[in-house]
Amino acid sequence: RNYIGSHELQVWCIAPFPDNKWVVSASNDNTVVVWKYRTKEKEYCWPHKGATAVSVSHDGKKVVSGGHDCALRLWNAESSKQLTGPWKLHKERIWSVQWSPDGSHIVSCSVDSTLIICKADSGEPNFKPLSTEQTAVHAIAYSRMGRVLLQG
């Protein structure tokens, strides 16, 4: 079983908040949910069609989600409001999203074999999509210093 809490369908991604009191999950049930870590009590539930990826900002104040809709959405983790988006940047499903170490950028990867680095406040891409030699990119991560971007 690949479900947590009250998600009705498969959970694709889960990410902890920096304080380890909360976690956020992305599910095929078209929701992104913030949970209390110890009690599994639902704090917020945000709509995102076919959500597959989530990442929490390093200060714990924002969450970015991506999904089957090929778009990113930015959420305020303190007020539960959607800050901005959807940013439809990819041509196919998004598999992974990550914040840059300084929090100024978000990188996403997709079934469309691209990586996109965008500004965290506006969703504006820094460059054209970065093509890879893979048929799909499923995972991405920044190095601690932010100088290297790993993909697989």
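**Close-up 1. Strands β1 and β2 are joined by 5 bridges in this predicted model.** The two strands run antiparallel, with β2 covering residues 22–27. Within this pairing, Val 11 has Ser 27 in β2 as its bridge partner.

**Close-up 2. An open sheet is formed by 4 strands in the order β1-β2-β3-β4.** The pairing in this sheet is antiparallel, and its edge strands are β1 (11–16) and β4 (42–47), each of which pairs on one side only. From one strand to the next, the twist averages 15 degrees. In a regular strand, side chains alternate between the two faces of the sheet.

**Close-up 3. Strands β7 and β8 form a hairpin with 5 residues between the strands.** The strands run antiparallel and are joined by 4 bridges, with β8 made up of residues 82–88.

**Close-up 4. His 68 lies in the loop between β6 (62–67) and β7 (71–76).** Leaving aside neighbours within four places in sequence, His 68 is in contact with Asn 28, Lys 49, Gly 50, Thr 52 and Arg 93. The side chain of His 68 makes a polar contact with the side chain of Asn 28 (3.4 Å), and also one with the side chain of Arg 93 (3.2 Å). Although His 68 and Ile 94 are 26 residues apart in sequence, they are 6.3 Å apart in space, C-alpha to C-alpha.

Key: Residues are numbered from 1 along each chain as its sequence is written. This is a predicted model: local features need pLDDT of at least 70, side-chain atom pairs count only at pLDDT 80 or more; totals for chains, interfaces and linings use all residues. Side-chain values use heavy atoms; hydrogens and water are left out. Contact means heavy atoms within 4.5 Å. A polar contact is a pair of N or O atoms within 3.5 Å; within protein, one must be able to donate a hydrogen and the other to accept it, and residues adjacent in sequence count only if both atoms are side-chain atoms. Two strands pair if DSSP finds at least two bridges between them. Axes are lines fitted to C-alpha atoms, for helices over the stretch in contact, and angles run from 0 to 180 degrees between N-to-C directions.
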